[in-house]
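This briefing looks at charged side-chain pairs and at nonpolar packing in one structure. Please keep the sequence and the coordinates in view while reading.

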Amino acid sequence: MRYERIRCNTAIAEEGLEHEWGASVGKISREMNTTGKKEEKYVRCRRDIYVHICSAAAAGSDTRMNGCPMPVVINSGSGNQGMTVSIPIVIYTNEMGISREKMYRALCLSNLIAVNQKTKGMWGTDKEILQIMLGH
């Protein structure tokens with residue numbers, strides 16, 4: 001099940017980055033922010049990851065909202081929210097070489113935070129949620 005979220009949401013984001021869907025905000029954003037400038041490697045790496053994260057999340061939404069039949073894994077009943085809580089984490093952990101276990105933990109926490117924001121007050125405070133996640 002864990003892999004299904006990654007596969008579905010990443011696939012629709014890649015579709016939006018490669019093809020024209022609606023306003024193509026994600027695709028255009030990536031193209032406009034990709035430059036050939038020489039920069040310090042660390043700065044370029046951080047900027048490239050940030051651009052990749054933002055453009056992929058936007059591309060997934062472009063694609064989904066403009067009729068692409070590809071499935072997405074939802075969060076709190078929303079496909080766009082499901083992509084928003086998963087795509088940035090998947091891209092960041094892959095780009096930075098972070099383990100799959102830590103990626104799964106981050107995805108779990110991201111989903112719980114999103115659910116908490118939608119249902120504020122039902123689970124208690126943010127501190128209590130973090131304590132549950134960390135096993136304290």
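**Salt bridges and nonpolar cores**

Glutamate 101 is partly exposed, with a relative accessible area of 49%, in what is a predicted model. Its salt-bridge partner is arginine 105, which counts as exposed at 55% relative accessibility.

Salt bridges

- In the pair formed by glutamate 101 and arginine 105, the closest N and O atoms are 2.8 Å apart, and both residues belong to helix α5 (residues 100-118), where they are four residues apart, about one turn of the helix.
- Lysine 27 and glutamate 20 also meet through their side chains in a salt bridge, with an N to O distance of 3.2 Å.
- Within this second pair, lysine 27 counts as buried at 12% relative accessibility, whereas glutamate 20 is exposed, its relative accessible area being 56%.

Nonpolar cores

- The largest nonpolar core has eleven residues in all, among them Ile12, Leu17, Ile49, Ile53, Val72, Met83 and Ile91.
- Helices α1 (2-18), α3 (41-65) and α4 (79-96) each supply at least two residues of this core, and α3 gives the most, with four residues.
- Isoleucine 53, one of the residues of the largest core, touches Pro88, Ile91 and Tyr92 when residues up to four places away in sequence are not counted.
- A second, separate core consists of six residues, including Ile6, Val90, Tyr104 and Leu107.

Note on methods: Residues are numbered from 1 along each chain as its sequence is written. This is a predicted model: local features need pLDDT of at least 70, side-chain atom pairs count only at pLDDT 80 or more; totals for chains, interfaces and linings use all residues. Side-chain values use heavy atoms; hydrogens and water are left out. A salt bridge is a side-chain nitrogen of Lys or Arg within 4 Å of a carboxyl oxygen of Asp or Glu. Buried means under 20% relative accessible area, exposed over 50%, partly exposed in between (1.4 Å probe, protein chains only). A nonpolar core is a set of buried Ala, Val, Leu, Ile, Met, Phe, Trp, Tyr and Cys residues joined through side-chain atoms within 4.5 Å. Contact means heavy atoms within 4.5 Å.
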